[in-house]
Every structure is written in structure tokens, then in C-alpha cells.
Amino acid sequence: IFYDDIDSVVSSFNQGNIDTDNDGQRDHPGLADAAWRDGIVRLLKSTRERAPRSFMVIVNGSSWPAYQPWINGRLFEDFPTPWEGQGRWFDSMGSAQRIAAQVAKPITIVLNGTTKNTGRYDLKQARFVATSALLVGALIVITDQA
């Protein structure tokens, strides 16, 4: 089971006009983000409880610590993932190593290298992603999507 765009914040969407309790009032960003994270944890926990143990649950978007007990791993999109930490290689690698110790088995970490929609595969970038994946025991995916 793959959940895309599992983020840890919602307050940056819709120009910050978030109303999680549907009372017609803009929520404080910190409260909106906390409610969002609580909802994601409930979603992941419910998925884990209902899905057969043979099903893997993988997310893309955030390495928020409270998500880790309910999933098997993470896709690091457009590696090194620009929104992971400060977008540096060691930010993504550190998160991959950390979450590998926190998620349920079988552990599945995926590093996704892209052509950034150019259609031209860069062998140097592909080797960089592949070598990084080997360092953390991750799967490798190279796509034409950014």
C-alpha cells in the first residue's frame, strides 16, 4: 500500500487558509499541523490494523517520527529529496538510516532518481543514486518524472 504526499504540515497549503475543525475560522498553523499529523497517524494505524501483515505500507513525503511504527518504509522522491531536511544528500541519507531502524519489517526504503522530466538519463546521477542506495540497503528507481 503506497500513500503519496504524506506530509507533516498542512499549514503551508491553500495560502495557510486551513480550517481543520470546519468552524469557518482559519486555524492557527501549529494547531492545524498537529491535527493533520494526528489524522495521518490514525490513517496509518488503521491501515496497518486492517491490512494483512504480508502487505507493506510505504509513504512518500515525510519522515515524521510518529508515522514510522505504522509503515514499512519510505520513498525518497527526486533523491536527494529537496524537502527532506535542507535538501542535502546527508539529510536524505540520515533520514533513511534513522527510519530503517524504526519501521516495521520488511523494511523498504526506495531512492528515486529522476531526469527532472528531460527524458535524458544521466548515468552519473544514476550511479550516484545507486551508490547511495547501496549504502542504506535501499531499492533504486530511476524515472523521467520530477
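The buried residues of α1 pack against β1 (2-6) and β2 (58-61), where buried means under 20% relative accessible area, exposed means over 50% and partly exposed lies in between (1.4 Å probe, protein chains only). Helices (H or I, at least four residues) and strands (E, at least two) are DSSP runs, numbered from the N terminus. This is a predicted model, so local features need pLDDT of at least 70 and side-chain atom pairs count only at pLDDT 80 or more, while totals for chains, interfaces and linings use all residues. Residues are numbered from 1 along each chain as its sequence is written, and side-chain values use heavy atoms, with hydrogens and water left out.

As for the overall layout, the chain has three helices and five strands, and reading along the sequence gives the pattern β-α-β-β-α-β-α-β. The C-alpha trace spans about 50 × 35 × 25 Å along its principal axes. Of the 146 residues, 37% count as buried. The accessible surface comes to about 8400 Å², with 56% of that belonging to carbon and sulfur atoms; these areas come from the Shrake-Rupley method with a 1.4 Å probe, and for residues only the protein chains shown count as cover. If contact is taken as heavy atoms within 4.5 Å, then among contacts between residues at least 6 apart in sequence, 58% join residues at least 24 apart.

Back to α1. This helix has 22 residues and reaches 31 Å from its first C-alpha to its last, close to the 32 Å expected at 1.5 Å a residue; the expected span is 1.5 Å times one less than the number of residues. Its buried residues are Ala 32, Asp 33, Arg 37, Ile 40, Leu 44, Thr 47 and Arg 48. They sit on the same side of α1 because they cover an arc of only 140 degrees around the axis, the arc being that of the directions from the helix axis to the C-beta atoms. Over on the other side, Leu 31, Arg 42, Glu 49 and Arg 50 are exposed. The general rule here is that an α-helix has 3.6 residues a turn, so residues three or four places apart point the same way.

Val 129, Ser 132, Ala 133 and Val 136 are the buried residues; seen down the axis, they fall within an arc of 100 degrees, so they line one face of the helix. They pack against α2, β4 and β5 (139-143). Leu 123, Lys 124, Arg 127, Leu 134 and Leu 135 are exposed on the other side. At the start of α3, a side-chain oxygen of Asp 122 comes to within 2.9 Å of the backbone nitrogen of Lys 124. After the helix comes Gly 137, with a positive phi near 70 degrees.

Next, the core. A nonpolar core is a set of buried Ala, Val, Leu, Ile, Met, Phe, Trp, Tyr and Cys residues joined through side-chain atoms within 4.5 Å. The largest one has 19 residues, of which Leu 44, Ile 71, Phe 76, Phe 79, Ile 109, Leu 111 and Ala 138 touch the most other members. At least two residues of this core come from each of α1 (29-50), α2 (89-100), β4 (108-114) and α3 (123-136). Leaving aside neighbours within four places in sequence, Ile 109 is in contact with Gly 73, Arg 74, Phe 76, Ala 96, Ile 99, Ala 138 and Leu 139.

The loop between β3 (73-76) and α2 deserves a look of its own. Asp 78 is found there, with a positive phi of about 55 degrees although it is not a glycine, and it counts as buried at 13% relative accessibility. Pro 80 lies in this loop too, joined to Phe 79 by a cis peptide bond with omega about -5 degrees. Thr 81, also in the loop, is buried at 0% relative accessibility; beyond its neighbours within four places in sequence, Thr 81 is in contact with Arg 74, Phe 76, Gly 87 and Ser 92.

A cis peptide bond also joins Lys 105 and Pro 106, with omega about 0 degrees, and Pro 106 is in the loop between α2 and β4. In strand β1, Asp 5 has a positive phi of about 60 degrees although it is not a glycine; Asp 5 is exposed, with a relative accessible area of 58%.

Terms used: A polar contact is a pair of N or O atoms within 3.5 Å; within protein, one must be able to donate a hydrogen and the other to accept it, and residues adjacent in sequence count only if both atoms are side-chain atoms.
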